[in-house]
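This report covers a predicted model.

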Amino acid sequence: EVNAAGRPVIAFRGGGALETVVEGVTGVFFSEPTSSSLAQAIQDFELCTWDTARLREHAARFDRTVFAARLLEFLRAVAPGVELEANTVWQGFAALPGSSIREPSSMPGLMPSSS
């Protein structure tokens, strides 16, 4: 979320941050849960130059629409005979603040079609 706002992060080297933070590009890590490790990360952070556009571009890879498209691609791969239909669930999803889904009625739902 911070990268989507064009800002870098300081994150503990563990968990989900390992999948989303690129060292020196979208943020810096600290490796130990200690004040000295965090202090070093802050010093490293302040020495870096951050590219706002690159931060936002990186964050776009984790956008809701990308997630939805990948999920549907997976579902089509594992259940190729199932047709997906438009579903109002996507309309609520699109209404969430910050959502970039433009036409929720054209998004396929996760319900098998009745035809």
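Ile-10 sits in strand S1; strands here (E, at least two residues) and helices (H or I, at least four) are DSSP runs, numbered from the N terminus. Its relative accessibility is 32%, so Ile-10 counts as partly exposed. The classes are buried (under 20% relative accessible area), exposed (over 50%) and partly exposed (in between), with a 1.4 Å probe and protein chains only.

Ile-10, Leu-38 and Ile-42 make a nonpolar surface patch of about 200 Å². Patches take residues with over 30% relative accessible area and no salt bridge; nonpolar side chains (Val, Leu, Ile, Met, Phe, Trp, Tyr) are joined within 5 Å, like charges within 9 Å.

## Basis of the model

This is a predicted model, in which local features need pLDDT of at least 70 and side-chain atom pairs count only at pLDDT 80 or more, while totals for chains, interfaces and linings use all residues. Residues are numbered from 1 along each chain as its sequence is written, and side-chain values use heavy atoms, with hydrogens and water left out.

## Overall layout

The protein has five helices and four strands. Their order from the N terminus is β-α-β-α-α-α-β-α-β. The protein has 115 residues, and 24% of them count as buried.

Areas come from the Shrake-Rupley method with a 1.4 Å probe; for residues, only the protein chains shown count as cover.

Strand S1 covers residues 9-12. Val-9 and Ala-11 point to one face and are buried.

How do S1 and strand S2 (residues 27-30) pair? They run in the parallel sense, over four bridges. Strands pair if DSSP finds at least two bridges between them. Ile-10 has Val-28 of S2 as its bridge partner. Phe-12 has Phe-30 of S2. In S2, Gly-27 and Phe-29 point one way, and Val-28 and Phe-30 the other. All four are buried.

## Phe-12 and the aromatic pairs

Phe-12 belongs to strand S1. At 36% relative accessibility, Phe-12 is partly exposed. Leaving out residues up to four places away in sequence, Phe-12 touches Ala-17, Phe-29, Phe-30, Ser-31, Glu-32 and Pro-33. Phe-12 and Ala-41 are 29 residues apart in sequence, and their C-alpha atoms are 9.5 Å apart.

The structure holds two aromatic pairs. Rings of Phe, Tyr and Trp (its six-membered ring) pair if their centres lie within 6.5 Å; planes under 30 degrees apart count as stacked, over 60 as edge-to-face and the rest as tilted. Phe-12 and Phe-30 have ring centres 5.6 Å apart and planes at 65 degrees, so this pair is edge-to-face. The pair links distant parts of the chain, with Phe-12 in strand S1 and Phe-30 in strand S2, 18 residues apart. Phe-45 and Trp-50 have ring centres 5.3 Å apart and planes at 35 degrees, so that pair is tilted. Phe-30 has a relative accessible area of 15% and is therefore buried.

## The salt bridge

The structure holds one salt bridge, defined as a side-chain nitrogen of Lys or Arg within 4 Å of a carboxyl oxygen of Asp or Glu. Arg-13 forms this bridge with Glu-23, and the closest N and O atoms are 3.4 Å apart. Arg-13 lies in the loop between S1 and helix H1 (17-20), and Glu-23 in the loop between H1 and S2, so the pair ties together parts that are 10 residues apart in sequence.

Arg-13 is partly exposed, at 38% relative accessible area. Glu-23 is also partly exposed, at 41%.

## His-58 in helix H3

Helix H3 (residues 52-60) contains His-58. Is His-58 buried or exposed? Its relative accessibility is 10%, so His-58 counts as buried. Beyond residues up to four places away in sequence, His-58 touches Asn-3, Thr-20, Val-22 and Thr-26.

Technical notes: Contact = heavy atoms within 4.5 Å.
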